[in-house]
Amino acid sequence: MTSIHLANLGKTFGSFTALRNMNLEIADGEFVALLGPSGCGKSTTMNMISGMIEPSEGEILFGERDMRGVPMSRRGVGFVFQNYAIFTHMTVYENLAYGLCATGVGKAERERRVNDMAEFLHLTALLKKPAAGLSVNILQRLAIGRSAIMEPAIFLLDEPLSNVDAAFRAVMRTELKHLQREFRQTMVYVTHDQLEAMTMADRIAVMDHGKLLQVGTPIDVYNNPSNVFVAGFLGSPGMNLIKGRSVASGEAMCIDLGEAGLSAPLPGALFRGLPEGKAVVYGFRPEHCELTDDDGLRLPVNFVERIGARTILHMGQGGHSIKGVFDNRVPVRQGDIVTLAIDPSNIRLFDADTGAAIVETH
Ligand SMILES: Nc1ncnc2c1ncn2[C@@H]1O[C@H](COP(=O)(O)OP(=O)(O)OP(=O)(O)O)[C@@H](O)[C@H]1O
């Protein structure tokens, strides 16, 4: 097992900066997901960890060891890409055994490891089959097995499930997590799919535009996003984010949500230090509101989206788009006017200028 330390890591391609000042500590045996939209710098970061490309600035340490100038073949990393790298002229067995043969692992040991890995990944019945005839799903499972069998101290996976079908992806999420627990490897997993990151990773590193925005456990990043981008990116649908301005309301403070004449209460003790007139973004997750007959945000329902167990109400006026998640029995139709009560403990505020979370003061 090996820890990874990225210090002030940066990468430029000509005049374009793909990654800036990335600092991240990944502990021995930890599973960290690099999560972010296309082009945010995830693969660039991964390729520098693997040794495929050199950083323009900063350092990469494995344990205490500086990786500068160390070629990929000497870094002890396993790498699985989106597009499986499988020898199609070989059988499943030969593919799994390939790396072990190349590094001189003896026949008995090789057979034991191939059989163990095949069983682990449900490939035993296919061992004698030529890889050429296998489905994309199975080929990707084989690619993961072929890399994992080498028991690399560091296992890097770059969007390994993006080409497999949805049902198989769900199965593989469980298997990959299981694999990592079994081998206790340090795993770095690149994905733009928040479900993969949320379900598998010990910690998630959220990136955007070549910057690391937040690192934390899935639940912490979800519950306490450090800025507006993370709040909107995580969650399906993402957090409701409404621009407004703080105004005094008797003893307390509320947020004037602008053009639509909406006003949202801020619970008493929360955000005590907020100055009046501050431009903010008022956030709450779609699952943190309910319909009420009392006071709340009065909103027209523009669309009712029924998705099996859940119903998503799309509400709002005057440019506001607010989503609420309810169970599938919610008796609401398009065109109704509803009143929304927001769970006060789950209201989040962000600075409208910087996007940074405004943290509660007590
Ligand atoms: N060799 C290169 N030369 C020039 N620009 C590059 C090169 N490699 C990556 N980039 C650019 O750097 C940015 C980050 O790319 P990167 O592949 O790291 O993104 P990503 O987050 O992994 O997204 P994706 O999932 O789409 O690959 C992109 O704008 C990309 O076009």
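## Close-up views of a predicted model

**View 1. An open sheet built from five strands.** The strands line up in the order β15-β19-β16-β17-β18, and their pairing is antiparallel. At the edges stand β15 (289-291) and β18 (322-327); each has a single partner strand, so one side of each is left without a neighbour in the sheet. Go from strand to neighbouring strand here and you'll find them turned by 45 degrees against each other on average, if direction is ignored. Keep in mind that this is a predicted model, here and in the views below.

**View 2. Zooming in on β16 and β19 in that sheet.** Strand β16 covers residues 297-307 and strand β19 covers residues 337-342; four bridges join them, and they run antiparallel.

**View 3. Strand β7, covered on both faces.** This strand takes in residues 154-158, and five of its five residues are buried, so to speak a mostly covered strand. In a regular strand, side chains alternate between the two faces of the sheet. For β7, that puts Ile154, Leu156 and Asp158 on one side, with Phe155 and Leu157 on the other, and all of them are buried.

**View 4. The neighbours of β7.** Which strands pair with β7? One of them is β6 (residues 77-80), which pairs with β7 in the parallel sense over four bridges. Within this pairing, Val77 has Ile154 of β7 as its bridge partner. Another is strand β8 (residues 186-191), joined to β7 by five bridges and also running parallel to it. Here, Phe155 stands opposite Met187 in β8. To get from β7 to β8, the chain passes through helix α5 (residues 166-183), making a β-α-β crossover that is right-handed.

**View 5. Two helices, α2 and α3, packed together.** Helix α2 spans residues 92-102 and helix α3 spans residues 107-120; they pack at an angle of about 135 degrees, and their axes are 10 Å apart. With the cut-off for roughly antiparallel set at over 145 degrees, α2 and α3 are therefore oblique to each other. Their crossing is right-handed. Where do the two helices meet? On the α2 side, look for Tyr93, Leu96, Ala97, Leu100 and Cys101; on the α3 side, they meet Arg110, Arg113, Val114, Met117 and Ala118.

Terms used. Residues are numbered from 1 along each chain as its sequence is written. This is a predicted model: local features need pLDDT of at least 70, side-chain atom pairs count only at pLDDT 80 or more; totals for chains, interfaces and linings use all residues. A residue is buried if 20 or more other C-beta atoms lie within 10 Å of its own, exposed if 12 or fewer, and partly exposed in between; C-beta atoms are placed from the backbone. Two strands pair if DSSP finds at least two bridges between them. A crossover is right-handed if, with the strands pointing away from the viewer, the path from the first strand over the helix to the second runs clockwise. Axes are lines fitted to C-alpha atoms, for helices over the stretch in contact, and angles run from 0 to 180 degrees between N-to-C directions. Angles under 35 degrees count as roughly parallel, over 145 as roughly antiparallel, 65 to 115 as roughly perpendicular and the rest as oblique. A crossing is left-handed if the near helix is turned anticlockwise from the far one by less than a right angle, and right-handed if clockwise. Two residues are in contact if their C-beta atoms, placed from the backbone, lie within 7 Å.
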